[in-house]
Amino acid sequence: MWHYLDGGRDTVCGRANRAALDAMPLRPRPLVDVRGGHTRIELFGETLGHPLLLAPIAYQRLQHPDGECASAMAAAAQDGQMVVSTLASQPLEQIARAAEKPLWFQLYWQGDRERTARLLDRALAAGYRCVVFTVDAPIKLAASPLPADVRAVNIEPPGQRPLRPGQSEVFDGWMADAPGWDDLAWLRARTPEVPLLIKGVLHAADAARAVDLGCDGVVVSNHGGRVLDCAPPALSCLTEVIAAVGDDVPVLFDSGIDSGADALRALSLGARAVLVGRPYLWGLAAGGALGVAHVIRLLRDELEMSMALCGRATLADVSADRCG
Ligand SMILES: Cc1cc2nc3c(=O)[nH]c(=O)nc-3n(C[C@H](O)[C@H](O)[C@H](O)COP(=O)(O)O)c2cc1C
């Protein structure tokens, strides 16, 4: 279980994520009156107390028997938001009830449009208010050996696609089940009622194309270094993606955020909010919902302190010019 959670951190890409964040200084600006400061943001029509979202992480009952419900409860109690994974280990409806507020849903393509539509409809019926479509990891890559009592309870069992002689297991097997640009256009048309974000974008051209197809937001991410080991550090792609999509499209960031200062680094480059992955799972493993709430609170305290030391009272002040 530890290996599954920690995977991607001590890789070339994982280390590069860390190094890129560490290489970005935050320059103190004393003597600024920051009284009345806060970390509130407006995001897709919702006011959140802070910009530290819980990233979609699969199989959270691996870390704690209360699983995704505990994380969702903590996110809501801390006035934040959680993106619930397609590979959640508890029913989407039960997680939504635990949060007592509408959550976001992370979608993995389910091999074809019919299966994907069934999953999507279920999430929307359960009240999920935003869809985050992850495109950087074909779902079969995510397969890991699991204990008997933990599984992705919300998805239908994957179909079998036998390979013909001469076909490649990668190109014709795994990737045959991955989505394409036309599927993204279909997904947009299929979900007019909710904001649609695309997660796992590192190239300005891909971000621009997704927005042209109607996406409302982009998550710059290399999946925390877990997929393509020679991918660039996500932080190094943030500025060009923001420039490509323009100011009206929120760009979110994840991969390597371990502290409030890390969050401020990404926010100061123009990210509207950040997603935090592994740190809250450590909290979940250590203390269930209270552990997750504690991690969120720590990160938020660190963010407030870093903002104050940089002379920024609000996140509008942060985005006005770089803290570096
Ligand atoms: C154990 C684990 C499982 C993950 N499962 C998913 C998933 O189901 N869907 C998804 O979009 N991203 C998934 N991710 C990626 C995270 O959403 C996020 O991009 C990444 O963890 C951010 O990096 P950080 O952990 O350094 O904060 C997973 C990451 C980890 C560590």
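An oxygen atom of the ligand sits 2.8 Å from an N or O atom in the side chain of Arg278. That is a polar contact, meaning a pair of N or O atoms within 3.5 Å; within protein, one must be able to donate a hydrogen and the other to accept it, and residues adjacent in sequence count only if both atoms are side-chain atoms. The model is predicted: local features need pLDDT of at least 70, side-chain atom pairs count only at pLDDT 80 or more, and totals for chains, interfaces and linings use all residues. Residues are numbered from 1 along each chain as its sequence is written, and side-chain values use heavy atoms, with hydrogens and water left out.

A nitrogen atom of the ligand lies 3.1 Å from an N or O atom in the side chain of Gln106. For Ala58 the backbone is involved: one of its N or O atoms is 3.1 Å from a nitrogen atom of the ligand. The ligand alone exposes 610 Å², and the protein buries 98% of that. Areas are Shrake-Rupley values with a 1.4 Å probe; for residues, only the protein chains shown count as cover. How many residues surround the ligand? There are 21, and the closest are Pro56, Ser85, Thr134, Asp254 and Arg278; the criterion is a heavy atom within 4 Å.

Next, cysteines. The structure has zero disulfides, a disulfide being a pair of cysteine sulfur atoms within 2.5 Å. Cys310 is in no disulfide either, with the nearest cysteine sulfur, that of Cys323, 4.8 Å away. Cys215 counts as buried because its relative accessibility is 5%, and Cys310 counts as buried at 4%. Buried means under 20% relative accessible area, exposed over 50%, and partly exposed in between, using a 1.4 Å probe and protein chains only.

Now the surface. Val170, Phe171, Trp174 and Met175 make a nonpolar patch of about 390 Å². Trp174 is in the loop between helix H6 (169-173) and helix H7 (181-190). Helices (H or I, at least four residues) and strands (E, at least two) are DSSP runs, numbered from the N terminus. Trp174 counts as partly exposed, because its relative accessibility is 31%.

Terms used
Patch = residues over 30% accessible without salt bridge, like charges linked within 9 Å, V, L, I, M, F, W, Y side chains within 5 Å. Salt bridge = Lys/Arg side-chain N within 4 Å of Asp/Glu carboxyl O.
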